[in-house]
Amino acid sequence: MKSKIIIITLIILILLVNSVLFTWSIYYYNPDSNITNYNLLTRIFNDYCRLYEEDINLQTFINIDTLFNQAGIEQPDFMLIPYFNYVLKKNELLAATGNSTLKSSNVLTPILKSGKQTYKKIVLVLNTSSYNVILDVAGNIGSVSYGIESQNFIKEYIFSEVDINFDNINFVWVRKDIDNLYALMFNQVNAIIVSDKVYNELKDDNNFLVQNVKVIYESADIPEVVVTLTNDEIDSKILAKTKEMFLNMHLTKEGQELLNLLGYKKWLSISL
Amino acid sequence: MVKYKFIGLILLIIFIGISTISANKEILIIKSNDNIYFDRMTDGINNSFDKSGISNTIIKEYNLLGDIKYAMDVLNDIQANTNVILIVTFGARASELVANRILNIPVIFAGVLNYQRYDLNKDNIYGVSNEIDMKINVSLLKMLNAEISKVGVFSRDFEKKYYEEKKAELKNIGLDLIIYDFPDRTSRLRKSIRDLFNSCDAFYFTSDISLLNEFEYIYRQADKSKIPVLAFSSELVKAGFLASVSVDYYTIGVQIYNIINQILNNRVEKNIHTPLGTFSSLNMQTLNNLELTPPDYALRMIEEIFE
């Protein structure tokens, strides 16, 4: 009887250890996405993971600073973050330690529904505004935040081709484009910088939020998000399984539902 | 001799160190008590604090814990501390106490329900109100059902002017705000509610105690009349109303950081700001009962869905 209890206890322990070993985590942050309902995202993601009989912890964040702070405490295995934040973090780690846990060879990026791997940021003002070109704009401009480096993102990726006087601009940071659109519609800001993915979706539906606005500037192409490995010591099977799950996402109904939610067609493996 | 020189050098380094530390400017965050929303606003400020933007400045936090004696001690310390350049207060208690005592330092308040009830109208007082602009709230209805054109609301006499302004602004998005007076007697409220439901496409449920007392009746009547009700809090959505838009406290923290920057750079445009961050909730069962079919993106953009 005693030996039976020991065997059962051992089996339970092995199962527990196994489940701990083979649960892995992905940190998610994307302020330019069309989705802010993270419960829905997590549910659809979990539905997809069930196909592979895997239990992956998708942890969503509403700001990148909290994500990186949290990543410093409990190292996630992967991150799904904007390309800009990936480049910054990688350079920061390289400068600090000469090494980066963000591996260039293990990066995935999506193809958007538009068929491109990039999107644009656009500047909107109300139709009644006297601003007609980006150089006119001054005062409060709304934008989603990319953390404490937000202004660098804006300078480098959005206004790299125009000589804007940033001294005349006061950025009003929000965490999603819908708040930006409300702020513009109800005169809280003079102009807003939004993702063309959000704008086009609302425009296609003739939504009231974009009926009385005009586009006065369009950025150059900005690379879409990346999924990157952050844990050097990850089991090679987990790495391979995660890659497989992302790269084959377009092949199943559940995967297509997840892709549709994210606004993507499929994932690609790239080297950065 | 060398030994004395060495000691002198050490003392000089310590002196310079202490001078440097004491020269640091201080921004104080004073919370009325423990509150998860105050913590979110603090996160918003701290995360936004650009190291290169504001140098030689440190942020210190105080929690008054609802203790008036401790609050007075803190205020005395602040008045004696010449390094304090700005104070942020969270909650009505801390905001009122600081606003009454501190007249020569900018004070930014937040987390104060109906801030107009307090004596916060002074030149050195700035703030972010706690109420989402009603226009944003009502806009969510339009997002869920583009056909909605008449939204009813009950108004007290002192709210009339506010709702008249909103009525004019909502016209821009094709919404007609129908303003009903609260009846003289509470016993007549149910009839007024039925009248409103007969003449409007939707109802905006405000934080009025008379309406809260009639929650059950309004819920049943709205269900029967197929009237979407937009509430001011997600708890009411969980209880059965269609949807709500409430404040995102993290974004208020980011707004406070912006105001701090504006004050320190002498670029302040206005004293009181409205919250820019929203958090929306939806009751899926009520949506189905109402037979509403919002576009996919609307459901993707709502943060909290009660199934």
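Reader: How many bridges join β3(A) to strand β12 of chain A, and do they run parallel or antiparallel?

Author: Bear in mind that this is a predicted model. One pair to look at is Phe78(A), which stands opposite Leu229(A) in β12(A). β12(A) covers residues 226–229, and β3(A) and β12(A) run antiparallel, joined by 4 bridges.

Reader: What joins β3(A) to strand β1 of chain A?

Author: Look at Phe78(A) again: Ile26(A) is its bridge partner. Ile26(A) pairs there with β3(A), and strand β1 of chain A is residues 24–28. The two strands run parallel, and what joins them is 3 bridges.

Reader: Which residues of β3(A) are buried on each side?

Author: In a regular strand, side chains alternate between the two faces of the sheet. Strand β3 of chain A, residues 78–81, has both faces covered. One side holds Phe78(A) and Leu80(A), and the other holds Met79(A) and Ile81(A).

Reader: Over in chain B, how many residues of strand β3 are buried?

Author: Here buried means under 20% relative accessible area. Strand β3 of chain B spans residues 84–90 and is mostly covered. The count of buried residues is 6 of its 7.

Reader: Which residue of β3(B) is the bridge partner of Ile29(B)?

Author: β3(B) runs parallel to β1(B), residues 25–31, with 6 bridges between them. β3(B) also runs parallel to β4(B), residues 107–110, through 4 bridges. In β4(B), Ile108(B) stands opposite a residue of β3(B), and that residue is also the partner of Ile29(B). It's Val88(B).

Reader: How much area is buried between chain A and chain B?

Author: The contact takes 42 residues from chain A and 36 residues from chain B. Ile148(A), Phe186(A) and Phe208(A) supply 18% of what chain A buries against chain B, more than any other three residues. Carbon and sulfur atoms give 51% of the area buried between the chains, which is about 3300 Å².

Reader: What is the count of salt bridges between the two chains?

Author: One to find on screen is between the side chains of Arg175(A) and Asp248(B), at 2.9 Å, N to O. Polar contacts are there too, with 18 residue pairs between chain A and chain B. For salt bridges, the count is 5.

Reader: Which element gives the largest share of the side of chain A that touches chain B?

Author: By class, that side has 20 nonpolar, 14 polar and 8 charged residues. Elements giving two or more residues include α2 (38–51), β7 (139–144) and α6 (177–185) of chain A. The largest share is 6 residues, and it comes from β8(A).

Reader: Why does Phe232(B) count as partly exposed rather than buried?

Author: Phe232(B) sits in the loop between β9 (229–231) and α10 (234–238) of chain B. Leaving out residues up to four places away in sequence, it touches several others, among them Phe205(B), Leu212(B) and Val245(B). Buried would need under 20% relative accessible area, so Phe232(B) is partly exposed because its relative accessible area is 28%.

Reader: Last one: how many of the residues of chain A count as buried, as a percentage?

Author: Chain A has 9 helices and 13 strands, and its C-alpha trace spans about 85 × 45 × 30 Å along the principal axes. Of its contacts with a separation of 6 or more, 78% come from residues 24 or more positions apart. Of its 272 residues, the share that counts as buried is 53%.

Methods:
Residues are numbered from 1 along each chain as its sequence is written. Chains are lettered from A and ligands numbered from 1 in the order in which they are written. This is a predicted model: local features need pLDDT of at least 70, side-chain atom pairs count only at pLDDT 80 or more; totals for chains, interfaces and linings use all residues. Side-chain values use heavy atoms; hydrogens and water are left out. Contact means heavy atoms within 4.5 Å. Buried area is the accessible area (1.4 Å probe) that two parts lose on being put together, summed over both. A salt bridge is a side-chain nitrogen of Lys or Arg within 4 Å of a carboxyl oxygen of Asp or Glu. A polar contact is a pair of N or O atoms within 3.5 Å; within protein, one must be able to donate a hydrogen and the other to accept it, and residues adjacent in sequence count only if both atoms are side-chain atoms. Ala, Val, Leu, Ile, Met, Phe, Trp, Tyr, Cys and Pro count as nonpolar, Asp, Glu, Lys and Arg as charged, and the others, Gly among them, as polar. Buried means under 20% relative accessible area, exposed over 50%, partly exposed in between (1.4 Å probe, protein chains only). Two strands pair if DSSP finds at least two bridges between them.
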